[in-house]
Amino acid sequence: MGELKLSDKGLAFLRCRARREFLEGTTYAGKTTLALLKFVLRCAASSRKLHILSGLDQGTVEKNIINKEFGVREDFGSLVEYYPAGRGKNSEPHLVLRTSAGEKILYVLGYGNRNRWKKALGGQYGCVYIDEINIADMEYVREAAMRSEYLVATLNPDDPGKEVYAEFIDHARPLPEWAAGTPAAIREQLNRSEKAGWVHWFFGFEDNAALTEEKRRKILETAPAGTRLYRSKILELRGRSEGLVFELPPGCCVAEKELRRQMAAGQVRFVRFCCGVDTSYSQRSEDTFAFVFDGILADRRKVTLAAETYSNRRRAEAGLAPLAPSDIPALLEAFLERQRADWGFGRKAFIDSADQATLMECRKYKRKNGGLYDFVPAWKRLTVLDRIRLESGWLAHGQHLFVRERCGPLLEEMERYSWTEEGRPEDGNDHCINAEQYAWMAYLEEIG
């Protein structure tokens, strides 16, 4: 058995008492070794008998956790026995940990087999370990977390738009003395409501006391610069699929104060205003309702003036009633009135033509109340790829601008919207993007 070397941060992690701990970081940072050691020690100290050790599947757990160097067997020797096919009346794969307080049972679960874990996951557990939580089945993560007193999970930086970040990881915070060791980009993304006893740990190469310079050099050689692998495993940043769809050039964002100065000086003049609307009524996902307001200048540049979003999921978390199609017309009219007061009158609001319920409610609202605005189905004769081609060209030539202070939700999406591994734009991180496209598509001949 080799010697287990621990850095100061590793020792601090082992000493920390928390309810939920998430170990994010580079490859070969020692995350699994540390998390596993602490998990088994917490199992031994727990007053509960039953615990869960989980990964993608049973084979992966055996290879990467139970039998690896500094894995369960090597760390705890004769104190543990593994029964891959169960033992006696307990037919589930499990480890038996012998402690001074009696035997502890550590069930081995694969979250990739939903039928298997649903059958096995019942009752309450003391400690739960989730390996690579960023790829885990979210229903499993929710169930396991709800049933545990202590949860520890490892992950490599991944797409920040994944649900696991919004629901779990981004509610955690680094301990003050270790916050500086977390990359600034990730610290900024740990921005969900803070939860007591939830701790985020970031481990990089320098936090693995056992990693030699020779091994580090070989790792760097195997991850080409510019790839997703290099971004997540070497640069220590959360990745975004196979690259961003849009590249925002310097200067594409303009301060509202500066734009208004140019308007007052007669340097720019708007000739058209328009609005786009995309909707999602789900309470289970991070999808949003999106209202986006565009203006087209006399010199044929397009300026996105405002973006506003609502989320039924976040409303549910706040104890508010979810929005229904009948709620949208009044919200949309109020949004349009604010933009009319701030920028100018845009008569048409283009609503996703696939959402007939919202279109019907908007038309019903106008028949009943009257008003200035027409609610029309979005003009969708352009394919998604053609929309991207046009917008990318406008961005590259300085013909697409954003008012920085008012377009936060849209800019956040554009910094996430990515290509899939199959070479298609992802189906996600795109509600503001879709709404913005609905706003300009009917007027594309006036732009650029």
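**Figure 1. Packing of helix H1 against helix H2 in a predicted model.** Helix H1 (residues 8-15) packs against helix H2 (residues 31-45) at an angle of about 25°, and their axes lie 10 Å apart. Helices are DSSP runs of H or I with at least four residues, numbered from the N terminus. Axes are lines fitted to C-alpha atoms over the stretch in contact, and angles run from 0 to 180 degrees between N-to-C directions. H1 is therefore roughly parallel to H2, a term for angles under 35 degrees. Residues are numbered from 1 along each chain as its sequence is written. Because the model is predicted, local features need pLDDT of at least 70, side-chain atom pairs count only at pLDDT 80 or more, totals for chains, interfaces and linings use all residues, and side-chain values use heavy atoms, with hydrogens and water left out.

**Figure 2. Residues in the contact of H1 with H2.** Gly10, Phe13 and Leu14 of H1 meet Leu34, Ala35, Leu37 and Lys38 of H2, where contact means heavy atoms within 4.5 Å. The residues of this contact divide into five nonpolar, one polar and one charged. Here Ala, Val, Leu, Ile, Met, Phe, Trp, Tyr, Cys and Pro count as nonpolar, Asp, Glu, Lys and Arg as charged, and the others, Gly among them, as polar.

Figure 3. The whole structure holds zero disulfides, that is, pairs of cysteine sulfur atoms within 2.5 Å. For Cys253, the nearest cysteine sulfur belongs to Cys252, 4.1 Å away. Cys253 is partly exposed, at a relative accessible area of 23%. Cys407 is buried, at 0%. Buried means under 20% relative accessible area, exposed over 50% and partly exposed in between (1.4 Å probe, protein chains only).

Note on methods. Helix = DSSP H or I, 4+ residues; strand = E, 2+ residues; numbered from the N terminus. Parallel < 35°, antiparallel > 145°, perpendicular 65-115°, else oblique.
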